[in-house]
Amino acid sequence: MAVVKVEKEIAGRTLTLETGKVANQAHGAVWVQYGDTVVLSTVLTAPPTREIDFFPLYVDYRENRYAAGKVPGGFFKREGRPSTKEILTMRMIDRPIRPLFPKDFMDEVQIQCMVLSTDNQNDPDLLAMIGSSAALALSPAPFKGPIGVAKVGYVDGKHVVNPTHDELENSSMCLLVAGPDDLNMMELEGDQVSEDVVADGVAKALKASHQVIELINELVAARGVEKSFEATELPAELLTLVQDKVGDRIGQAKRIAAKTERSDALSALRDELLAELCPEGVDEPAFTSGQVKEAFFRVEGKIQRRMILDGTRPDGRAVDEVRPLDIEVGMLPRTHGSAIFARGETQALVTTTLGTPRDEQIIDGLLEEYKKRFMLHYNFPPFSVGEIRPIRGPGRREIGHGALAEKSLEPIMPEVQDFPYTVRLVADMLGSNGSTSMATVCGGTMALMDAGVPIKAPVAGISVGMVSDGDEYVLLTDILGEEDFHGDMDFKVAGTRDGITGIQLDMKAPGLPHSRVVEALAQAKTARHHILDAMEAVLAKPRDEINQYAPRMLTIQINPEKIGKVIGPGGKTINRIQDETGAKIDIEDDGTIFISSAKADAAEKARAEIEGLTAEAIVGKLYTGKVVSVRDFGAFVEILPGQDGLIHVSELDNKYVKNVTDVMDVGDTVTAKVIAIDNQGRIKLSRKAALAEQEETKG
């Protein structure tokens, strides 16, 4: 197989796509390089080995530690289950690609991406998405791509295309856009950025993504790819039959306001139709049960789409109306903070737990190891949608929804010097009917404020959907689950009154024009402010004090050179302080010390002892200490723990002193003034100066 290699300069760096050199047994394989970051993306496709009624698209993305010159941490020195970062990247690859396959394509497709090298500047997730798009375009799979991908940052008031990690450190926004000609997927993490900044960023990202599409098309043209897929259409007479038999009753069921009753009515209609068109005991019915179910789904979707375009939503709301809100805080007596946020039938219980620095999560990936002090975990129990299913660990959806809510709240968390706690939010969905992730954002804000976390500003989130038919379309505020299911768009936007903190956009339609992005952002802003009004009516700002059951935290800063003094030989000193006070002590390399305890007086006692151990003498200050040694030339006095100063015989008294022991002896308590500290740290004391100052104070 001939090697084909294409290159294009994008954002000042060369993007290289190469195929034909490695992994030639895959149906599509692309070696992607940008800077010194290299990713291999492969695609395989095959008919399913079992009867299925869905598209089995499998996406796997792995960050090999060798790519960064690292050995995996932990006991087992090999990569294991995927990290949260890897799972989120798998979702980012899947989401813009899945809508671009024919609806009746049921062959298995597996995408596998391996990070082979990283320069820790150009993020491999971007390359994995580009490589997956290119590999699919080269494969036999009927992929209606390729898609382009680009990131945009916002540094010093300017948009930066495909920012490096260093640039992102100083960026107030990280925007990712993917799609064919128009975008069909978007992710954003921002520090309260305006809608205008986001909209301009989308325009620049689309321009860069079109360059990627051009490069992939160049690769495909050079390779020469033939695709063949014959779509299997449902019989037209079946669609007509379903419409005639139950179309009117589907429309009536769609007007039932409650989700459960509406769902039950539609299920009864479908079962009735199946019983009539696929009767038991008939060997070869005119239509299969799968065809009837699909026809019912399409007719239902078509009816709902028409109703919405004509101005009637399933629950009767206006297109820009938010469902009724119900918000409560502090209902759990022993958690550090709690809130229930309900929007219609979507209901989230969010709790806050305040921990110490030792509760921080250590993240070990391709980048340098770091600690994470804010975490949000999202759970979606089956009862929240009235289903029975096995209860296992969190799935990709739960991890993705939790990550979206977490990054939406991260920008408003206080700085560590202002609030040294580790903070964990847990969101349990008690009911679901549309946009539980945005309910988590709202409930998370309320739970943080209930716990007394001094957040910078409240954050609310809302989802905007879309239904379209050709050039006719309508944007829907606060979409229901079935409006998402049968609709064209799920555009989640979270933010404060001052700007956006998080966005996640997914499209079922081929793409979203830039003008509709602007319109959807404006509609989401109006709804967001409406929700913030309701939230602030319940709790306007964080509580003045943290919960009585939360640990008390104190922070002090010491000279890093004195860390050893606090720890002591073999940890003897720090362990003694912890045992005697009951407080927990954590020390950072820069000399920051965190003291935590369930009791405030225990933390204060530990702080006093540490400050005594690490205090430094100040010239001109009076100290009272014990004489620890006497010499002919003077006496040594311990004025601070482990710190002695010398009172020279000439500084012992106002009058002449012949022998030091005439004035003081070992064990005596003496007040003296620090008159000098030399460049070697030796302290010079004066009892004479202290006596004079005391006399002056009395006078």
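This is a predicted model: local features need pLDDT of at least 70, side-chain atom pairs count only at pLDDT 80 or more; totals for chains, interfaces and linings use all residues.
**View 1. An open sheet of six strands.** The strands line up in the order β1-β2-β3-β4-β6-β5, and their pairing is mixed. At the edges sit β1 (4-10) and β5 (57-63), each of which pairs on one side only. From one strand to the next, the twist averages 15°. If you are new to sheets, keep in mind that strands pair through backbone hydrogen bonds, either parallel or antiparallel. Which sense do strand β4 (residues 37-46) and strand β6 (residues 108-117) use? They are antiparallel, joined over nine bridges. To find your place in this pair, look for threonine 45, which stands opposite valine 109 in β6.

View 2. Helix α1 (residues 84-97) lies across β5 and β6, and runs at about 140° to β5.

**View 3. Arginine 98 in a loop.** This residue is found between α1 and β6. Is arginine 98 buried, exposed or partly exposed? Its relative accessible area is 33%, so arginine 98 counts as partly exposed. Leaving aside neighbours within four places in sequence, arginine 98 is in contact with Phe55 and Leu57. Its side chain has a polar atom 3.2 Å from the backbone oxygen of phenylalanine 55, and the side chain also reaches the backbone oxygen of leucine 57 at 3.4 Å. Proline 56 is 42 residues away from arginine 98 along the chain, yet the C-alpha atoms of the two are separated by 9.8 Å.

**View 4. Threonine 346 and its surroundings.** Here you can see threonine 346 in strand β13 (residues 346-355). Its relative accessibility is 0%, and therefore threonine 346 counts as buried. Beyond its neighbours within four places in sequence, the contacts of threonine 346 include Arg323, Phe341, Asn433 and Ala439. What lies 2.9 Å from a polar atom of the threonine 346 side chain? It is the backbone nitrogen of asparagine 433.

**View 5. Helix α8, mostly covered.** Helix α8 (residues 396-409) has 14 residues, and 12 of them are buried. Among the buried ones are Glu398, His401, Leu404, Lys407 and Leu409.

View 6. Isoleucine 585 stands opposite isoleucine 595 in β24. Four residues lie between the strands of this hairpin, and glycine 591 takes a positive phi near 95°. Now turn to the barrel, which five strands close in the order β25-β26-β27-β29-β28 with mixed pairing. Direction ignored, its neighbouring strands are turned by 55° against each other on average. Strand β25 (residues 622-631) and strand β28 (residues 669-677) are antiparallel partners over five bridges, with lysine 626 opposite threonine 669 in β28. Helix α15 (residues 687-698) packs on this sheet, touching β25, β27 (643-648), β28 and β29 (683-686). The direction of α15 makes about 105° with that of β28.

Technical notes
Residues are numbered from 1 along each chain as its sequence is written. Side-chain values use heavy atoms; hydrogens and water are left out. Buried means under 20% relative accessible area, exposed over 50%, partly exposed in between (1.4 Å probe, protein chains only). Helices (H or I, at least four residues) and strands (E, at least two) are DSSP runs, numbered from the N terminus. A polar contact is a pair of N or O atoms within 3.5 Å; within protein, one must be able to donate a hydrogen and the other to accept it, and residues adjacent in sequence count only if both atoms are side-chain atoms. Contact means heavy atoms within 4.5 Å. Two strands pair if DSSP finds at least two bridges between them. Axes are lines fitted to C-alpha atoms, for helices over the stretch in contact, and angles run from 0 to 180 degrees between N-to-C directions.
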